[in-house]
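Please take a moment with the sequence and the model below before reading on. The paragraphs that follow go through the chain step by step.

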Amino acid sequence: MTLIELILFIIIINVGIFGILTVMNSTTRASADPMLRKQAVAMAEAILEEVLSRNATATLPETDMNTCSNRALYVGVADYSCFDGVPASAVISGAHTLGSTSIPALASLSATVAVTAVNVSGIAMQRVAVTVTGGGQEITLFGYRAAGF
């Protein structure tokens, strides 16, 4: 083997190692993204389940911002329309996803809930859209709640 062949061999190996390290670097940098997405989906699912567990037709006797801020008083799906993002402070913080349960890992996430009345095949329903944002993610889940079901 000549000196020129040896130098070419070293250059080719270095280029190959550089390529492998570049791929590993980008993979490692993006490895947290699935975890952030999974946390956002878990928060959206938890809020959607909370909303859909309420009565479809019941509402609070009086809806004002004092009552809006206390989710423990909610009796119906429509009560969650307080968290439609208007005003901007009307969002569900990830730190307090379910009632007063503190979830520090979700603290950077926030959610809005939009409840609209829809009619599907002659059945009056509530369409619930939960949007979770934060950590570079935006997840929207939809659910429907019909009266009597």
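In which sense do strand 3 and strand 4 pair, and over how many bridges? The model is a predicted one, and in it strand 3 pairs with strand 4, residues 137-146, in the antiparallel sense over 10 bridges. One of the residue pairs involved is Thr-133 with Glu-138, the latter being the bridge partner in strand 4. The two strands form a hairpin, with two residues between them. Gly-135 sits in this turn and has a positive phi of about 60 degrees.

Another positive phi is found at Ser-121, at about 55 degrees, although this residue is not a glycine. Ser-121 belongs to the loop between strand 2 and strand 3. Is Ser-121 buried or exposed? Its relative accessible area is 75%, and because exposed means over 50%, Ser-121 counts as exposed.

The chain holds three helices and four strands. Read from the N terminus, the order of the elements is α-α-α-β-β-β-β.

Next comes the interior. Of the 149 residues in the chain, 30% count as buried. The largest nonpolar core has 20 residues. Ile-47, Val-113, Val-128, Val-130 and Val-132 are the members with the most contacts inside this core. Which elements each supply at least two residues of the core? They are helix 2 (33-52), strand 2 (110-120) and strand 3 (123-134). Helix 2 gives the most, with six residues.

A last point is the confidence of the prediction. The chain averages a pLDDT of 79, and 72% of the residues score at least 70. Where is confidence lowest, and where is it highest? The lowest value belongs to helix 3, residues 65-68, with a mean of 57. The highest belongs to helix 1, residues 3-29, at 91.

Terms used
Residues are numbered from 1 along each chain as its sequence is written. This is a predicted model: local features need pLDDT of at least 70, side-chain atom pairs count only at pLDDT 80 or more; totals for chains, interfaces and linings use all residues. Side-chain values use heavy atoms; hydrogens and water are left out. Buried means under 20% relative accessible area, exposed over 50%, partly exposed in between (1.4 Å probe, protein chains only). A nonpolar core is a set of buried Ala, Val, Leu, Ile, Met, Phe, Trp, Tyr and Cys residues joined through side-chain atoms within 4.5 Å. Two strands pair if DSSP finds at least two bridges between them. pLDDT is the predictor's confidence in each residue, from 0 to 100.
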